[in-house]
Amino acid sequence: MSHSDHDVLVIGSGAAGLTAALALAQQRKVLVLAKGSLDGGSTAWAQGGIAAVLDAGDTFDDHIRDTMVAGAGLNDRETVEFVIERAPLAIDRLIELGVPFNRESGDLHLTREGGHSHRRIVHVADATGWAVQEALLKAAQANPNITLLPGRSCIDLITGHHAERFSGSGRVWGAYALDEATGEVECHVARATVLAAGGAGRVYLFSTAPRGATGDGIAMAWRAGARVSNMEMMQFHPTCLYNLEVKNFLITEAVRGEGGRLINPQTGERYMAKYDAERMELAPRDIVARANDDQIKRYGLDYVHLDISHQPADFVKGHFPTIYEKLMGLGIDMTKEPIPVVPAQHYTCGGVLVDLDARTDLPGLWAAGECTESGLHGANRLASNSLLECFVFGEAAARDILDRWDDLEGPPAIKPWDASRVTDSDEEVVIKQNWTEIRRFMWNYVGIVRTTKRLERAAHRIATLGREIEDYYGAFRVTTDLIELRNLHQAADLIVKSALKRHESRGLHFTLDWPETDPVAKDTVLVP
């Protein structure tokens, strides 16, 4: 078994992980592990953009208020201020790295999305995430202090439990990771570890998240002893392309920002006035997603229509070149006809609890991005605040690690991974069956609208599957599929437990048994 020693280990190669790595590499040797390819995470998929106060008429107070309103009062105000006040600086850094944001007569072009009171979204056409991912990766690859290792599936965090001299301190010393090419388990030991492993979207049948978003970071941190918070707050994007050939293609909120209308394909009615007469299609995502879900269920539809064909064709092609080309390839001309869309899981607002220094409960472990619950998003993430959180908390983690470096002791001797009692699997079908089952019952029982009975059914299924997965995990050699199934199951369990604990409807958590919102907002915190 190979064993590597670096100053800092970063798990995840998206916006949060690479931001942390680049800041750390000014003084330290950093190893970045990525499951699959280096650009396989959610960052590259982000179409919309990054929210920041850059317009003369806009203020930090307005952006803070919009974030708090969208988050249904569950946000932590101090965190919201901390992130939003650092947004313009984060944009400056990205411009320095070469991100080619759209401009209009020299100034940054700002678009608007649901929940925002001003135009404040900087973007690179409709493929911002890809441009950001590319710029960060280029900078990381050019940095001699950064080693990038793709094709590594992390299995578990290394803690004092894995030291040759056992310790119950909960101190994190890196991670065990599977080399996907060789099947060998590696031991990556470091003085500090940054968890930036993304969300848990693939727990659901329909999701805009990439295939690897299986809640790995959240599940690993939970197993190591960290608290998680607000896992019931799963954001569903109102408009994912409905197409039987193409899965998970998002139609950015900016289409609605630039005049797109939601229409019932059966009645021809523009229906958002019934759900939010004032903001219509620009209401926060939870409201629009529930409206679409309601129309689909009420009329027995497969999808609803999103129509921007009333805008000039050149305007549509100019603003949404990626979406336009993708849809043309599927025989849909968005300049002339509506786009069939359905809601789909889009963002994990809950996660591992972190403070403003990106510290988790576990000494030696910092975390940033979608795997965390920092207090920024509350009960519903405001559009385009997610990449922003990655940059601000990636920086915060790096700064705290560098500031405290001299107080961080060196790692102890760590036991190698023990694969002596396992064999190669002879029944991969079990993994596929369990994976499909989890995603289906999570969609049906723990989706956009919930009831206690449905949640209890899901909990029952999770308990049964847990025993099967544990048996399988104990008997067979680890594979990426098995690691992901174990984490997916753990994430589903945390979502259901959190949802059962919240006896109110707030933001993304809407339950028919508790339709009212409590006067005081409280976080759902689970303790391992």
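**Notes on the cores and a helix crossing**

1. The largest nonpolar core holds 68 residues, with Val203 and Met442 having the most contacts inside it. A nonpolar core here is a set of buried Ala, Val, Leu, Ile, Met, Phe, Trp, Tyr and Cys residues joined through side-chain atoms within 4.5 Å, and buried means under 20% relative accessible area with a 1.4 Å probe, protein chains only. Helix α14 (residues 480–501) gives the largest share of this core, 10 residues.

2. A quick word on the basis: this is a predicted model, where local features need pLDDT of at least 70, side-chain atom pairs count only at pLDDT 80 or more, and totals for chains, interfaces and linings use all residues. Residues are numbered from 1 along each chain as its sequence is written, and side-chain values use heavy atoms, leaving out hydrogens and water.

3. Which residues does Val203 touch, not counting residues up to four places away in sequence? They are Ile438, Arg439, Met442, Leu488, Ala491, Ala492 and Ile495, a contact being heavy atoms within 4.5 Å. A second, separate core of 60 residues includes Val32, Ala87, Ile91 and Ile401.

4. Do look at helix α4 (residues 87–96) and helix α11 (residues 386–403): their axes come within 10 Å and cross at roughly 90°. That makes α4 roughly perpendicular to α11 (65 to 115 degrees). Ala87, Ala90, Arg93 and Leu94 of α4 meet Leu388, Phe391 and Glu395 of α11.

5. For the whole protein chain, 59% of the 528 residues count as buried. The C-alpha atoms fill a box of roughly 70 × 55 × 50 Å, taken along the principal axes.

Methods: Axes fitted to C-alpha atoms, helices over the stretch in contact; angles between N-to-C directions. Helix = DSSP H or I, 4+ residues; strand = E, 2+ residues; numbered from the N terminus. Parallel < 35°, antiparallel > 145°, perpendicular 65-115°, else oblique. Buried < 20%, exposed > 50% of the residue type's maximum accessible area, 1.4 Å probe, protein only.
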